[in-house]
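Dear colleague,

Please find below the structure that I am handing over to you, together with its sequence. My notes on what was found in it follow directly after.

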Amino acid sequence: MGIEPIPVGRGQGRSALLLLLAVAAAAMLSSPWLVTPVDASVSYDRKALIINGRRRILISGSIHYPRSTPEMWPDLIQKAKDGGLDVIQTYVFWNGHEPSPGQYYFGGNYDLVRFVKLVKQAGLYVHLRIGPYVCAEWNFGGFPVWLKYVPGISFRTDNEPFKAAMAKFTEKIVSVMKSEGLFESQGGPIILSQIENEYGPLEDYYGGGVAKNYASWAAHMAVGLNTGVPWVMCKQDDAPDPVINTCNGFYCDNFSPNKPYKPTLWTEAWTAWYTAFGGPVPERPVEDLAFAVARFIQKGGSFVNYYMYHGGTNFGRTAGGPFISTSYDYDAPIDEYGLLRQPKWGHLRDMHKAIKMCEPALVSADATVTKLGNYEQAHVFRLKSGACAAFLSNYNPKSSAIVTYNGKKYDIPPWSISILPDCKTAVFNTARVGAQTSQVKMSPVGKFSWMSFSEETNSLDDNSFTKNGLVEQISMTWDRTDYLWYTTSIDIGRNENFLKNGQNPVLTVMSAGHAMHVFINGQKAGTVYGGLDSPKLTYTGNVKLWAGSNKISILSVAVGLPNVGNHFETWNVGILGPVTLEGLNEGRIDLTSQKWTYQIGLRGESLNLHTISGSSSVEWGGASINQPLTWYKAFFNAPAGNEPLALDMSSMGKGEAWINGQSIGRYWPAYKAYGSCGGCDYHGTYSEKKCQTKCGESTQKWYHVPRSWLKPTGNLLVVFEEWGGNPTGINVVKRTAI
Ligand code: GAL
């Protein structure tokens, strides 16, 4: 256990604590800041959010409902509660809820009402971040792709079509929540909402003017919806009253709200960081995370949300980026599979207990700060009535310190804070981890017997078309598929010198992103791909052409649409050229503006090969291995037990996998993590580059298979492999933590 024993007998310790709480509660009632209770509603003052007349220190955690399954929700919420959370925070994912204009969807893992009700049932509150821009490493930052094609639209600025769509969706969500009675003002669990997301940096970039008008419009639109609970804008220093501006970051102890009468709220305390294919996997030591939270609380912060408390999985094609991985594990206290990550979860739980013991003093008194040494301080919250809580800090990243406070000596490890809920006994220190450590195992439990089906390079359907010049990919696909074929022909005369001297011409193809496979006369010539830092890519290679007509077919692949950046709706994907061929008798020829044939999506996609009925509509052959553009299918029975499951895809290249017709996401184990993975030391300021793992290995080799997607027998697994992998190496694995 992380809580140090109180140096009295058990019973005595308990009654001392009860006395402490009673004294503090009495002190709170006489506090000058107490606001008259407004009936069953949420308000705030400079100290805290006030729920039913009571100021609260609230511990919150992000769990994004579509990143797990409804079957997982009750357990995740219970684990959050057991971890000492009061609030569950989630974004609302517009593109999941309104896949086409006016057609709403609230089923499956988008059943927001069910999620919010489950949180209520568990006795927790909800912070609903409606956005509707969410960032979140989610495809297109949560915007539906059709929004991009609304005439005259410009995202996240003072633009009428955008504002109309944003207002309509925000109203829709508020009205769904209201009709279910889910706001706290109606007796529901939602105590707080959010409009926009981190608009401040963009507003600065745009330089005020229209951006400022938009931010102020967004705030007023939201407040006008009369939810009876406060709204926040995170990273938005000029959030207009009564909207509360809040902090996001690895540390937020230097943050203060823009008005003295607003509370200090931390909407995203990053528990680590997201992962992108090709990047290492970030971790954050719990000692540093706990230190950051304790720093915030001792400075007067009263709401902390862990982003993420459970990160989960980017199922299907929901990952943004581009290049965000399918796993959104985030090194969160509850791991991607729903298991406790120890000691992270346990250590934070221990801290939450200690903070809760301080709550009466924290919400009623202001801290007196005393210097105890060069790096050491005491933050003391003392009420006249006697209630007192102290935080003793040591900011020295290298050495521990013995400090004297109230005549007693305390040993404080480097880069840590001790919490004394009665100003005497240190019940918790952020760097002394008492919680148990768990060991995670992924144990193989079975392989598959495969059949395969080849995707041809030149199969065109009724929707294919021919056009002079190159086209932007998303304007063609509307992101309904990752794939767009670009095909053109080139006639090679018999007198070309290269046919005799063997010096094959060089094909160069420039693409705006994100990956491509080049085929010449049906034979694969090469694959290139970009990365999180530079989605653009160029293929350059000698190509084997013959005399007569040659087909150049390029499969351009999108890997998630951007979720952040200045007007990301204008960013292009696909082969925009130039496309050139060099080394012919006439030198270099430019193929960019010649005739190209386009095919949206794969044949296997239009045949719905990932479904039971679609997959039985074609003839499958014996499993071929290491062939590009190959569909594989296999049937399997659910492994016994109830441990979470995954597919170990290490033997594969890149593609997508489906279980019983549902996509478990894009896989890309062939993309090895580049970057530096030194050791990880909790001391000193953390950044997402500090504690990286998996350098030189697959960024992600395990892919979560939700148990609830399986039947006991006869499950269909379909895999589409782009590169050429070996499916006989795919394993089902069970995840256990001991
Ligand atoms: C924040 C953003 C979140 C998420 C996070 C990184 O800036 O608000 O939505 O993108 O960064 O994981």
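I begin with a single contact: in this predicted model, a polar atom of the Thr 592 side chain lies 3.0 Å from the backbone nitrogen of Val 579. Thr 592 itself sits in the loop that runs between strand 30 (587-590) and strand 31 (595-600). With a relative accessibility of 16%, Thr 592 counts as buried, because the cut-off for that class is under 20%. Beyond its neighbours within four places in sequence, Thr 592 is in contact with Leu 576, Gly 577, Pro 578 and Val 579, and also with Gly 469 and Leu 470.

Is His 379 buried or exposed? Its relative accessibility is 3%, so His 379 counts as buried. The side chain of His 379 makes a polar contact with the side chain of Gln 298, at 3.2 Å. As for Thr 271, 108 residues away along the chain, its C-alpha atom is separated from that of His 379 by 24 Å.

Turning to the chain as a whole, its secondary structure comprises 13 helices and 40 strands. The radius of gyration is 28 Å, close to the 27 Å given by the globule rule for 738 residues, so the chain is as compact as a globular protein of that length. Along the principal axes, the C-alpha trace spans about 100 × 55 × 50 Å.

Of the 738 residues in the chain, 60% are buried. Among contacts with a separation of 6 or more, 73% are between residues 24 or more positions apart.

The accessible surface of the chain amounts to about 27300 Å², and carbon and sulfur atoms account for 52% of it. The chain carries 66 positive and 61 negative side chains, and the centres of these two sets lie 5 Å apart.

With kind regards

Definitions and conventions:
Residues are numbered from 1 along each chain as its sequence is written. This is a predicted model: local features need pLDDT of at least 70, side-chain atom pairs count only at pLDDT 80 or more; totals for chains, interfaces and linings use all residues. Side-chain values use heavy atoms; hydrogens and water are left out. Helices (H or I, at least four residues) and strands (E, at least two) are DSSP runs, numbered from the N terminus. The radius of gyration is taken over C-alpha atoms; the globule rule is 2.2 Å times the number of residues to the power 0.38. Buried means under 20% relative accessible area, exposed over 50%, partly exposed in between (1.4 Å probe, protein chains only). Contact means heavy atoms within 4.5 Å. Accessible areas come from the Shrake-Rupley method with a 1.4 Å probe; for residues, only the protein chains shown count as cover. Lys and Arg count as positive and Asp and Glu as negative; His and the chain ends are not counted. The place of a charge is taken as NZ of Lys, CZ of Arg, CG of Asp or CD of Glu. A polar contact is a pair of N or O atoms within 3.5 Å; within protein, one must be able to donate a hydrogen and the other to accept it, and residues adjacent in sequence count only if both atoms are side-chain atoms.
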